[in-house]
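My notes follow in the order I took them.

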Amino acid sequence: LGELGTLHGGGPVYFRPHNLLTSGNGTPALKWGSTNVYTQDAAGRPVYSWTLTDGIFDAMLGAGVTPFVEIGFTPEALSPRPQRYQHSFPKGDLFTGWSYPPSDDLKWAALIEAWVRHLRGRYGKQVAAWRWEVWNEPDIAYFHGTPEQYFHLYDITAAAVERALPGAQIGGPAVTGPYEKNTFLRAFLEHCARGRNAATGSAGAPLRFISFHPKGSPRVVEGHVEMGIAHQLRAMENGFRTVAAFPQFRTLPIVLSESDPEGCAACTGPANGYRNGEAYSASVLEATARSGELARQYGVNLQGAVNWAFLFPGQPPFAGFRELATSLPGAASPVDKPVLNAFRLLGALGGEQLPVVNLGQTPSQELVTPGPHTDVMAIATRRRGELDLLVWSYSDALTEAPPTPVTVTVKGLAGAHVRVDRVLLDHEHGNAYTAWQAMGSPARPTPEQEAQLHSAALLHPVNDSQASAPGFAGEERRTRTFPLELERNGAVLLRFQSQ
């Protein structure tokens, strides 16, 4: 959390946990968490306990991250099918008693109102800026109910939140996709626009942000992994198109509250090996840039995206889970994966975004068609005395290939002298996985190896002959050209600073 809290780039970093209302003793497992906020006494009266959730929110806020509050799931005492309640993923059914709509509207609403009042009392005015998202992926088995039952749950939950926190940033529906055949998002927006509200009886429901979950679809093709970013981008495009069709919601913030190269963070397998190396980093950079481009195309207000990734303690190093860092047996701290460096590079950007003329860019409308695809993308930002240019190569096909030659041309740098720093993220730079493989992939790295892995995970400026360049003064508008060699799924940050 502390690492994530430093990646703000001038704005807040949000953290979105599952299972904030799930029954249990707090012991984590794969795809499982619990807080035991709600039980009932022998007479069926509610008993609230905020001990574990207070610890979770204290940790988030203490690390400098902002809670993105996912309201779910159903406590055991309110589940209409409480047995079996806790699953044992990957064995047996994942979607057990916690995934059913609450059996008692009044008790559920009272729980939500009491919880939000408690959080407001504990953390003060800042809770007004938090996002409150009702449930997770109610269009699949995370919610054992109909769309109409979810709309009902949304209404009574939103009303309870607003009683405790008037004007709260309430939203949803956090659906998967959405793809053309998944009409859940459109039906939800119809309900919020003019459907009968289950809590008030009036028309419509409060909606202050919209969320959905675009995912990619990697697969193994002829012995290599093919990422399939088109699947993720098509979901974004259809979601933006759906929101744009509702004039009253078109300007609402959209949050991609899970946006990832595939759908199961706790699942491993041949198609998921990309998660350890630089392909994950490049996929995040590509999807992030293209999400903004598609949102502008449809005239909607994309606020940001959540990378649905984890830290899995007790698992072997680089086991292939979707995580930002990997645990090492007996080590004091986890080792960052290259994907965390992608967020560091994005966080290094800031200020005014500048237009980039990119002759190597693949058109968005081509990328949303089935792959495989390749691309070269760039983002440039400017602030006082500094210009930052992030350039990367993306490829769906994870095969060996020669570097891509890229020429960067910069015009109009002001000042007598400009320093140029170059930071690389690729197979050899900022990549602890490559270093671990070079060690022979030890299951229990020695302290010396652990130190080497931490060092290999860091981003370092690369010293070369272009460490500085003459400045450009007055109206000369001279041009400076930088030739680069981008590895497949590699990235480079060029930082120009006035001296």
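**Helix 2 against helix 3**

I began with helix 2 (residues 51–62) and helix 3 (residues 105–123), whose axes come within 12 Å and cross at roughly 45 degrees. Helix 2 and helix 3 are therefore oblique to each other. The angle classes I used are: under 35 degrees roughly parallel, over 145 roughly antiparallel, 65 to 115 roughly perpendicular, and the rest oblique. Axes are lines fitted to C-alpha atoms, for helices over the stretch in contact, and angles run from 0 to 180 degrees between N-to-C directions. Helices (H or I, at least four residues) and strands (E, at least two) are DSSP runs, numbered from the N terminus.

This is a predicted model, in which local features need pLDDT of at least 70 and side-chain atom pairs count only at pLDDT 80 or more, while totals for chains, interfaces and linings use all residues. Residues are numbered from 1 along each chain as its sequence is written, and side-chain values use heavy atoms, with hydrogens and water left out.

I then checked the handedness: helix 2 passes helix 3 in a right-handed crossing. A crossing is right-handed if the near helix is turned clockwise from the far one by less than a right angle, and left-handed if anticlockwise. On the helix 2 side, I listed Thr-53, Asp-54, Phe-57, Asp-58 and Leu-61. Helix 3 answers with Trp-115, His-118, Leu-119, Arg-122 and Tyr-123. Contact means heavy atoms within 4.5 Å. I sorted the residues of this contact into five nonpolar, two polar and three charged. Here Ala, Val, Leu, Ile, Met, Phe, Trp, Tyr, Cys and Pro count as nonpolar, Asp, Glu, Lys and Arg as charged, and the others, Gly among them, as polar.

**Helix 3 against helix 4**

Next I took helix 3 with helix 4. They pack at an angle of about 35 degrees, with their axes 8 Å apart. Helix 3 passes helix 4 in a right-handed crossing. From helix 3 I noted, among others, Trp-108, Ile-112, Val-116 and Arg-117. Helix 4 brings residues including Ile-156, Thr-157, Val-161 and Arg-163. The residues of this contact divide into nine nonpolar, two polar and five charged.

I looked at Arg-117 in helix 3 separately. Arg-117 counts as partly exposed, at 42% relative accessibility. Buried means under 20% relative accessible area, exposed over 50%, partly exposed in between (1.4 Å probe, protein chains only). Leaving out residues up to four places away in sequence, Arg-117 touches Arg-163 and Ala-164. Arg-117 and Glu-162 are 45 residues apart in sequence and 10.0 Å apart in space, C-alpha to C-alpha.

**Helix 6 against helix 7**

Helix 6 (residues 229–244) and helix 7 pack at an angle of about 25 degrees, with their axes 10 Å apart. They are therefore roughly parallel to each other. I found a right-handed crossing where helix 6 passes helix 7. The contact includes Leu-233, Met-236 and Phe-240 of helix 6 and Ala-287, Leu-294 and Tyr-298 of helix 7. I counted its residues as nine nonpolar, four polar and four charged.

**Cores**

Which residues of the largest nonpolar core touch the most other members? Of its 107 residues, they are Ile-71, Trp-108, Trp-132, Tyr-154 and Phe-240. The largest share of this core, 10 residues, comes from helix 7 (residues 278–298). A nonpolar core is a set of buried Ala, Val, Leu, Ile, Met, Phe, Trp, Tyr and Cys residues joined through side-chain atoms within 4.5 Å. A second, separate core of 20 residues includes Leu-354, Leu-413, Leu-484 and Phe-496.

Most residues other than glycine have a negative phi, and most peptide bonds are trans. I looked for exceptions. A cis peptide bond joins Gly-72 and Phe-73, with omega about 5 degrees. Phe-73 lies in the loop between strand 4 (66–71) and helix 3. Another cis bond joins Gln-83 and Arg-84, with omega about 0 degrees. Arg-84 is also in the loop between strand 4 and helix 3.

Trp-135 has a positive phi, near 75 degrees. I placed Trp-135 in the loop between strand 5 (131–134) and helix 4 (147–164). Buried or exposed? Trp-135 is buried, with a relative accessible area of 0%. Ser-441 has a positive phi of about 55 degrees. Ser-441 sits in the loop between helix 10 (432–438) and helix 11 (447–456) and counts as partly exposed at 33% relative accessibility.
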